[in-house]
Amino acid sequence: MVPGQLIFISGGVRSGKSTYAESLVQQANGNRNVYIASGLAHDQEMAERIGRHRKDRAQDGWCTIEQPRQLSEALPFIRENDAVLWDCVTTWLANELYEGFEQGNLCANKPGCMEQKWRELKNTIDSMREKALYTVIVSNELLDEPLVDRTYQQWLGTIHQWLASRADQAIEMENGLAIRRK
Amino acid sequence: MHIVFGGAFNGKRQYVKEHMEVESIVWLEGELPEPGDDAVIAGLEQWIRKQLAQQRSEQEILSAISAAAKSAGECIWILTDISRGIVPIDPLEREWRDVTGRCYQYLFGKAQRITRIWYGIPQTLKGDGRDEHLHENRR
């Protein structure tokens, strides 16, 4: 079977990347528009915001899967000819890399931990394309600032490079302008 | 002189190894080239950081870089963008970012070609002959 289209979009905060990604999915004419959200609510305001977004999308005909980590768990819910939007890589990576923070047992510090999650992510994305008609993956630009944790940056760079090479289209968002790099 | 520029972990070194003729030239990490050397200069931002930690002034650092750029042979400079994000609280971090930015401005002015790498994908910023889209402050 021909794998579905994969689109990688990255840009700064408030660059319009999510809005653009949503419009791409809506134009893809999938049977369903599926939104995989990786944000975790850390406080009441965030919980309300997530709930509000979820409700807004439901009114626009989206179904939402909340998947803060372990993207593979979302796979069984993806059906043939779905159009899928995953938002976003940076929150997922933070959730995975810093898993175990409360227990003082950070994944980032465990040998092989993130490597295992990374292998699983690659397989999940490849499997998703076997089912979905169209998959858009959104991420954020965090690699040109010196204050971000190096381990986090290294993983983010690895993931972004893989996505850019794997994708049918790679797009850099700049204040609402979608600049196609591939 | 050719600059390969982009954020950290964007595949700049790999791009240089795969797409440019570098087998016969010196590969330097965090060091400046000797006069006459054809070299790849990577990790310049780390070299700058080390100089600042040793109390060298911005003027001395910039002079050393410009002397190296003028006297070296054909060089490829791999420059990591550290210009974004919030202003660092630590004074050394702050100075590091400022001085690195000003050194990059100097090198960008001097280079014949500048290639930006975005997750392995190249984009020519300078040297493709289509310079009209650059602002007139171009050096």
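Predicted model: local features only at pLDDT ≥ 70, side-chain atom pairs only at ≥ 80, totals over all residues.
Reply: Before we look at any residue, keep one definition in mind: two strands count as paired if DSSP finds at least two bridges between them.

Me: Which residue is the bridge partner of F5(B) in strand 5 of chain B?

Reply: Strands of a sheet pair through backbone hydrogen bonds, and they do so either parallel or antiparallel. Here, F5(B) has R116(B) as its bridge partner in strand 5 of chain B, and strand 1 and strand 5 (residues 113-118) of chain B are joined in the parallel sense over four bridges.

Me: With which residue in strand 4 of chain B does I3(B) form a bridge?

Reply: The bridge partner of I3(B) in strand 4 of chain B is W77(B), and strand 1 pairs with strand 4 (residues 75-80) of chain B in the parallel sense over five bridges.

Me: Is strand 1 of chain B largely enclosed or open?

Reply: A residue is called buried if 20 or more other C-beta atoms lie within 10 Å of its own. Four of the five residues of strand 1 (residues 2-6) of chain B are buried, so this strand is largely enclosed by the rest of the structure, while across the 139 residues of chain B, 35% count as buried.

Me: In what order do the strands of the sheet in chain B lie?

Reply: The six strands form an open sheet in the order 2-3-4-1-5-6, with mixed pairing. Strand 2 (26-29) and strand 6 (121-126) of chain B stand at the edges with a single partner strand each, so one side of each has no neighbour in the sheet. Ignoring direction, neighbouring strands are turned against each other by 20 degrees on average.

Me: Which strands of chain B does helix 4 touch?

Reply: Helix 4 (residues 91-110) of chain B packs on the sheet and touches strand 1, strand 4 and strand 5 of chain B, and the direction of this helix makes about 145 degrees with that of strand 4.

Me: How many helices and strands does chain B have?

Reply: Chain B has four helices and six strands, and from the N terminus on these elements run β-α-β-β-α-α-β-α-β-β. As for the overall form, a compact globule with 139 residues would have a radius of gyration near 14 Å, and chain B, with 15 Å, agrees with that.

How values were computed
Residues numbered from 1 in each chain as written. Chains lettered and ligands numbered in written order. Buried ≥ 20, exposed ≤ 12 C-beta atoms within 10 Å, placed from the backbone. Helix = DSSP H or I, 4+ residues; strand = E, 2+ residues; numbered from the N terminus. Rg over C-alpha atoms; globule rule 2.2 N^0.38 Å. Axes fitted to C-alpha atoms, helices over the stretch in contact; angles between N-to-C directions. Contact = placed C-beta atoms within 7 Å.
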